[in-house]
Amino acid sequence: MIKQVDQYPVSDIFPNGGEKVYKIPKYQREYTWSQRDWDALFNDIIENDDGYFLGSYICVSDSAMNNSAELIDGQQRFTSLSLLLLAIYSKLAPYKSDMDEEELTDFINLKSQLANKHTHKDSSGKKVNTYTSRLKLQVQNSNNDDFQSLLHENGIISYVPKPAFLGVRRIGRAFKRFSDCIDEHIADRIAEEPSTTEMEILFQLADKFNSAVLVGIEVDTHKDAYMLFESLNHRGVPLSAIDLIKNVLIAAAETDNRTDECYDLWVSTLHNVGEDYSIQERFFRQYYNAFRKELNEPYYHGDETKMYPLGYLATRTTLLEIYEKLIKDNYYDFIKLLHHEAELYSIIVNNSDSIKIYSDDLKDLERISGAPSYLLLLYLLTKQNDLEITDYDIQNVIKTLVIFFVRRSVTDVPNTRKLTALFMNIIDTIRNQKGNVIVDIIKSALVDISASDDLFEQKLRGPIYQDNPDTARFILCSIEAQHQTKEIYSGLWERNKSNVYVWTIEHIFPEGENIPKEWVDMIARGDNQLANTYRQQYVHTLGNLTITGYNASLSNRSFEKKKEMKSKDGQKYTGYKNGLFLNNDVISEQEWTIEKIKDRTDKLIATIKDLFAW
């Protein structure tokens, strides 16, 4: 069944001088990663040690062609890693004339990781080199065309035509996002080390990403691949860092016969935080990062070069080492303190029976992906009496954080990588302050680092749903919530049995590639090509979005049917006449055109800027 299993760094999966070609079968789903996934990949590798583990992949060897394999599982990571390496190559290209012999070799090797070289003779007998991609994507939504075009544009492979609207589709946006992440990383590094050059940083980035590790599983048949895929995804739970920390704690407690007591405290701690492992791990990281100064004080001996003996920062790769030291020093005080902090954290993550005046605001903060700020909130709740702040002060902080994260989610300013340092710095600033001046200090720090109003508006005018559907949904639901009454109340945040929101984003002008004829006639006067152009440019903008609890029913129906649709019993409207404020300016229209989308975008942006103003 399994032909070969081994762990490989990225540099061995796409080796310089190798000829391996990975093909993604056309029947697989298209490339689906979004900005959140791209940022997570980049940040995880950057923030952790070399050799960071990225997971596994499964491929089927082509028995007729030893250098060809079909990638059954791993498409998202392979595509993203290739785009990352391509982005680094494109940034290095302008420095080619400045490279020494070793650097030039590394630069050429980077190209060889992305393409195979073929030498043949032309009609005159002269040797000619051509290059072809080592990764062949599937064709849905122009995935492969876009990828090959990017490779050609950046000097990797021979000529291929550039598809229209490459920049608005997922492959093009992923490449741009990685390019932006690289630029931000370079700026941060140079700010820290002014003597470091951009070219040096780029080569270091290439080494860092090439050191990341995946476990490769090679099988002989597609049947074997899919059986293995199902098995890996549905059986077994890997031993986590949290499990290992628990084992260290219990082992220490055994020496004093306190195993049962410590185990009960441990179970209660995790219960308070929540059952989700990712949230548990985040709590352990945020607890250390919030109280890094206090936790390191017993270990600090005046050496300025070793201010944090336990660890500079808690990351996935340093977590176990830090907590091993804390447990070894005093396991019993450690678990009691950790348990207390978990009780406070349960309030923050809405896992507590304790109702605060800011509980609803915390729900909004969670919905807008404000979890990076929980380390600040954990510090405020822990030190509330010492800081002399009230629950109303904490509520004002949370409301400010919601505004900050809405604007950050729309603009990506500041970058995700900077958020932990931002909130740790705020903690350092407020540590010796008292009273509600702390609220002003926090707000001032967030305003200073946030994007300008101009950039906020510029991003709001773009394809906001495509860039960040969760943020688009939060903003639209927030607008609607301002106008809800008991008579027209809708459970905007209600989830179904599968934990999926009942109310979802609805595209008025349908988003699918196969545009129905009635929409082509309405929006482009029968011109299919123009209708597709409009779809690419406007379908994901604010003016074309609303929310509905009946997305599947509305689908690609005509504009008139979407407005008038009713439930099966005919007792209530399920279309745009459902009473939502967001639809008031839609149901009054007789037709839906690009100008109507633009006008509605202007109105919504004005509302959003007012709702989330500093």
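Biologist: How much space lies in the largest cavity?
Modeller: This is a predicted model, in which local features need pLDDT of at least 70 and side-chain atom pairs 80 or more, while totals for chains, interfaces and linings use all residues. Residues are numbered from 1 along each chain as its sequence is written, and side-chain values use heavy atoms, without hydrogens or water. The structure holds 1 cavity of 30 Å³ or more, a cavity being a set of points on a 1 Å grid over the protein atoms alone where a 1.4 Å probe fits but cannot get out. With volume taken as the space filled by probe spheres set on the points, the largest cavity holds about 70 Å³.

Biologist: Which helix gives the largest share of the lining of that largest cavity?
Modeller: The lining, meaning residues with an atom within 4 Å of a point, includes N289, F291, Y308, M424 and R431, and by class it has 5 nonpolar, 1 polar and 4 charged residues. Helices are DSSP runs (H or I, at least four residues) numbered from the N terminus, and α11 (277–290), α12 (292–296) and α18 (419–430) each supply at least two lining residues. The largest share, 3 residues, comes from α18.

Biologist: Which residues of α6 make the contact with α5?
Modeller: Contact means heavy atoms within 4.5 Å. On the α5 side stand N143, D146, F147 and L150, and on the α6 side I171, G172 and F175.

Note on methods: 1 Å grid on protein atoms, 1.4 Å probe; cavity = no way out; pocket = protein on both sides within 12 Å on 5 of 7 lines; lining within 4 Å. Nonpolar A, V, L, I, M, F, W, Y, C, P; charged D, E, K, R; others polar.
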